Amino acid sequence: MPRIDLPSLADRVGSYHAASEALDQLVAFVNRHPTALNTYEVVPSYVYDNGCREHDVIKLVGGVSIVYNNHRFKLPCFFILPHRFPKDPPLVYMSPNRDMVRNDRSPHVDANFRVVSAYLDRWSHPFSSLDQLYDDMRQKFGESPPLKKPSRTATNAAASSGPPSYVNALHEHV
């Protein structure tokens with residue numbers, strides 16, 4: 001059973017440029033991956049890397065289920081849907097909890113926890129979808145997870161100082 005309230009989400013997507021297409025993608029995604037998303041929220045003001053600002057963008061919160069070394073994991077992440085979604089790709093960020101750090105050896109996440117993906121780079125409307133993006137992330141993250149448990153020395157340092165301030169700032173502003 002989907003965890004996302006689709007009628008409520010449909011109301012929020014109604015202000016998007018391609019509302020019908022965006023909703024179709026969201027419904028397909030939630031139906032195919034009912035446990036991938038936990039909730040959504042509307043971000044009152046979101047500033048992109050290029051300095052442009054959008055108001056009332058949708059943030060989908062959940063996780064990517066992967067199999068790595070024959071173990072199942074759900075890596076926390078969130079998707080920012082710009083107002084031109086699905087014509088423009090979503091922004092995807094990993095959202096590590098206190099027991100996780102960025103895997104420096106993984107090519108799939110940058111220093112700001114933003115997902116780096118050839119699929120996102122090649123996003124092409126109407127051929128690209130959240131559903132295919134999620135499948136791509138599951139496959140790539142299963143090969144090289146973007147998050148990992150910290151080493152013992154990093155765990156001791158993190159316990160005394162808490163998460164880096166930029167991680168807190170990222171969660172506060174997104």
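Tutor: Helices α2 and α4 pack with their axes 8 Å apart and at an angle of about 40 degrees, where axes are lines fitted to C-alpha atoms, for helices over the stretch in contact, and angles run from 0 to 180 degrees between N-to-C directions. The two helices are therefore oblique to each other, the term for what remains once angles under 35 degrees count as roughly parallel, over 145 as roughly antiparallel and 65 to 115 as roughly perpendicular. This is a predicted model, in which local features need pLDDT of at least 70 and side-chain atom pairs count only at pLDDT 80 or more, while totals for chains, interfaces and linings use all residues. Residues are numbered from 1 along each chain as its sequence is written, and side-chain values use heavy atoms, with hydrogens and water left out. Helices (H or I, at least four residues) and strands (E, at least two) are DSSP runs, numbered from the N terminus.

From α2, the residues Q25, L26, F29 and R32 make the contact (heavy atoms within 4.5 Å), and from α4 they are L130, D131, Y134 and D135. By class, these residues divide into 4 nonpolar, 1 polar and 3 charged, where Ala, Val, Leu, Ile, Met, Phe, Trp, Tyr, Cys and Pro count as nonpolar, Asp, Glu, Lys and Arg as charged, and the others, Gly among them, as polar.

Helix α2 (residues 19-32) also packs against α1 (residues 6-13), their axes coming within 9 Å and crossing at roughly 155 degrees. That angle makes α1 roughly antiparallel to α2. In this pair, L6, L9, A10 and V13 of α1 meet A19, A22, L23, L26, V27 and V30 of α2, and the contact has 10 nonpolar residues, with no polar and no charged ones.

In strand β2, which contains D56, the backbone of D56 has a positive phi, near 55 degrees, in a residue other than glycine.

M100 sits in the loop between β4 and β5 (101-102). Its C-alpha atom is separated by 9.9 Å from that of P146, although the two are 46 residues apart along the chain. Leaving aside neighbours within four places in sequence, M100 is in contact with K74, P76, L147, K148 and P150.
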